[in-house]
Amino acid sequence: MRMNVNVALQYLNAWLGGTGAAAIHNLMEDVATAEISRAQLWQWIRHCATLDTGGTVTADTYTGIRAEELTALGGPSADHYGAAANILDALILDEGFAEFLTLAAYERPGAKS
């Protein structure tokens, strides 16, 4: 779960900065990886998946991990991480499953296509 949050934040940050592919954890990642990450996070919350620790994945679990990962990446004022976190939160916490993550990102002021 933590890796999905981290990768999604890093990719959205890069995408908002105008980069379509980004080096994340020594791999070249694109929007497909971010889509998989956010889809899994959304589904895990909706289906109450079980963590390795035995806990259940909830919206609170997600927001706690997202806050920790955002801090580790430099916080919301670093690069485009604040906007990336807002987009990811909207996608993960919304009851409906958004068709494509970059559609929400296009709506952000200053987003590059």
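Predicted model: local features only at pLDDT ≥ 70, side-chain atom pairs only at ≥ 80, totals over all residues.
Local features were considered at pLDDT of at least 70 and side-chain atom pairs only at pLDDT 80 or more, whereas totals for chains, interfaces and linings use all residues. Residues are numbered from 1 along each chain as its sequence is written, and side-chain values use heavy atoms, with hydrogens and water left out.

The protein has a mean pLDDT (the predictor's confidence in each residue, from 0 to 100) of 89. A value of 70 or more is reached by 92% of its residues. Confidence is highest in helix α3 (residues 59–72), at a mean of 97, and lowest in helix α5 (residues 101–106), at 70. Helices (H or I, at least four residues) are DSSP runs, numbered from the N terminus.

Five salt bridges are present. A salt bridge is a side-chain nitrogen of Lys or Arg within 4 Å of a carboxyl oxygen of Asp or Glu. E69 pairs with R2 in this way, with the closest N and O atoms 2.9 Å apart. This pair links distant parts of the chain: E69 lies in helix α3 and R2 in helix α1 (residues 2–16), 67 residues apart. E69 is buried (under 20% relative accessible area), at 9%.

D89 forms a salt bridge with R66, the closest N and O atoms lying 2.8 Å apart. D89 belongs to helix α4 (residues 81–93) and R66 to helix α3, so the pair ties together parts 23 residues apart in sequence. Both D89 and R66 are buried.

Within helix α2 (residues 31–46), R38 and E35 are three residues apart, about one turn of the helix. They form a salt bridge, with the closest N and O atoms 2.8 Å apart. R38 and E35 are both buried.

Methods
Helix = DSSP H or I, 4+ residues; strand = E, 2+ residues; numbered from the N terminus. Buried < 20%, exposed > 50% of the residue type's maximum accessible area, 1.4 Å probe, protein only.
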